[in-house]
Amino acid sequence: MTWYYPKGWTDQEAGVEQVVIHYACTPPEQVPDWSWEHESRVLEDRGGFPRTRLKVLRMPREVWDMENGWSTPEYRFHYWFEVFQNGHRWTTDLFSEDIVYRDLEYVDHHGWTTNVCIYWSVGDWSAPVYSPMEDPRFPGDSDYLATKYYAYQDKERFHHDKYWMLQHMERPHRWQSRMYGPRGATLVQQFHVGHMWPPEEKDEFWLGPDGRAPANGSHWVHTL
Amino acid sequence: MSEECFALRRTWVDPAPGIDMVQIHVVCTPLGAEPDWEEADTRVLTPSDAAPGLRTAVIEAPRRLDGRTDYSLHHFFFVVQGAQSRTSPVFTEEIVAREISYEEPTGDWTHVGIAWGVSPGLPDLAAPNYTVAALDGLGFGDPAAGAPAEPAPIHEFVRAQPLPHVFRGLVWGPRGFDVRYVVHLVRSGSPRPEDDTEVWDDNGGPGWTLTL
């Protein structure tokens, strides 16, 4: 699964016709070859005064480090904006950010939880991400991995079988997953917790620092 | 990581109040192939001011899949309402590309771009895209390319081509959807830099529309 990073632009003058973000990701300490590893996206015109523009970028969870022969979950994000304005184009400076991750753990002492995701977003709730959590002891080849849940046709069977597999695991259950973002940025975060078996006890809710909360309600704030 | 993509807005309308969250799961395959949902992208649709109950998300779809411009895009929605969640049926659409050609009789423009978007029903919601059109006769253009890092230095090559100049670029979307586009005319690399300029040809305002 990927994650999403909103990049915005505010017109400083009239006459801006289009803004494009050019970007590339590299391993730490490396610089991109813009002629090869380069992506570009047009920012969406959101109107207003001053006019704002936005593009939610789909970001990788890791970047291949060709020099060292491994993938790295922390990497460098390079970008600049190209602005078409009053019949000419101009470009901003080149910016670079360190993309880093934060691992979260949800500890369930009673084995009550059958499904849990980190629900999080960079900055505000404009581009939320679900990161399914798993106890690392759960079998990696199981059909009941959290990442397989959404497409699993027989949800009741999934709920039943996962519940019983979890019941056989020693407690506490330590559900884990990962969030990403640029170093220094804030992430907003809740958990989405499910108790899906037995059917008569089915319960599903968002959890924030104040307990159960609406989605995007009470939430934690992390600084990366 | 370089992958040429286009932006496509997907929509959902709440059938009743009380829905807490809607996700879309998306995966692309060659035509006729079954989706592998473990490869899917997932987006949370966020509420839109454009209509009551409307939620949208912009997904990214490849401009080519296994070298082909046409392929299948599969998606389903996962909906949470209170302590209940449910999954929609899987929808499969055929993504098709169409060529747009632009005949330029003067030879004044070195680059032609197509700014385009697929309407998801409401034209204002079309997610913006850009294709650099390739000039007939120049062998190094790719009619599927997105915006380059900077305009290619091809002024002399373009001037050497016989008139009229015909530029061709591709647009994409689900079959049957409308694509609205305008044309971006650029002159760069002129012997006198002050002659470099660009204009947008929008057909007097509305642009042009084609049905995929």
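## Close-up views of a predicted two-chain model

**View 1. Asp202(B) sits in the loop that links β14 (197-201) to β15 (208-211) of chain B.** Strands here (E, at least two residues), like helices (H or I, at least four residues), are DSSP runs numbered from the N terminus. This is a predicted model, in which local features need pLDDT of at least 70, side-chain atom pairs count only at pLDDT 80 or more, and totals for chains, interfaces and linings use all residues. Residues are numbered from 1 along each chain as its sequence is written, while chains are lettered from A and ligands numbered from 1 in the order in which they are written.

View 2. Setting aside neighbours within four places in sequence, Asp202(B) is in contact with Val182(B) and Gly207(B); contact means that the C-beta atoms, placed from the backbone, lie within 7 Å. For Val171(B), 31 residues away along the chain, the C-alpha atom is 16 Å from that of Asp202(B).

**View 3. Now meet a three-stranded open sheet in chain A, ordered β1-β5-β4.** The pairing in this sheet is antiparallel, and two strands pair if DSSP finds at least two bridges between them. At the edges are β1 (3-10) and β4 (44-45) of chain A, each pairing on one side only.

**View 4. Here is a closer look at β4(A) beside β5 (residues 52-59) of chain A.** These antiparallel strands are joined by two bridges. Glu44(A) has Leu54(A), in β5(A), as its bridge partner.

**View 5. Chain A meets chain B through 36 of its residues, which are in contact with 32 residues of chain B.** On the chain A side, at least two residues come from each of β2 (16-26), β3 (39-42), β5, β8 (75-85), β9 (88-91) and β15 (203-208). The most come from β2(A), which gives five residues. By class, this side of chain A has 15 nonpolar residues (Ala, Val, Leu, Ile, Met, Phe, Trp, Tyr, Cys and Pro count as such), 12 charged ones (Asp, Glu, Lys and Arg) and nine polar ones (the others, Gly among them).

**View 6. Stepping back, chain A has one helix and 17 strands.** Of its 224 residues, 32% count as buried.

Terms used. A residue is buried if 20 or more other C-beta atoms lie within 10 Å of its own, exposed if 12 or fewer, and partly exposed in between; C-beta atoms are placed from the backbone. Two residues are in contact if their C-beta atoms, placed from the backbone, lie within 7 Å.
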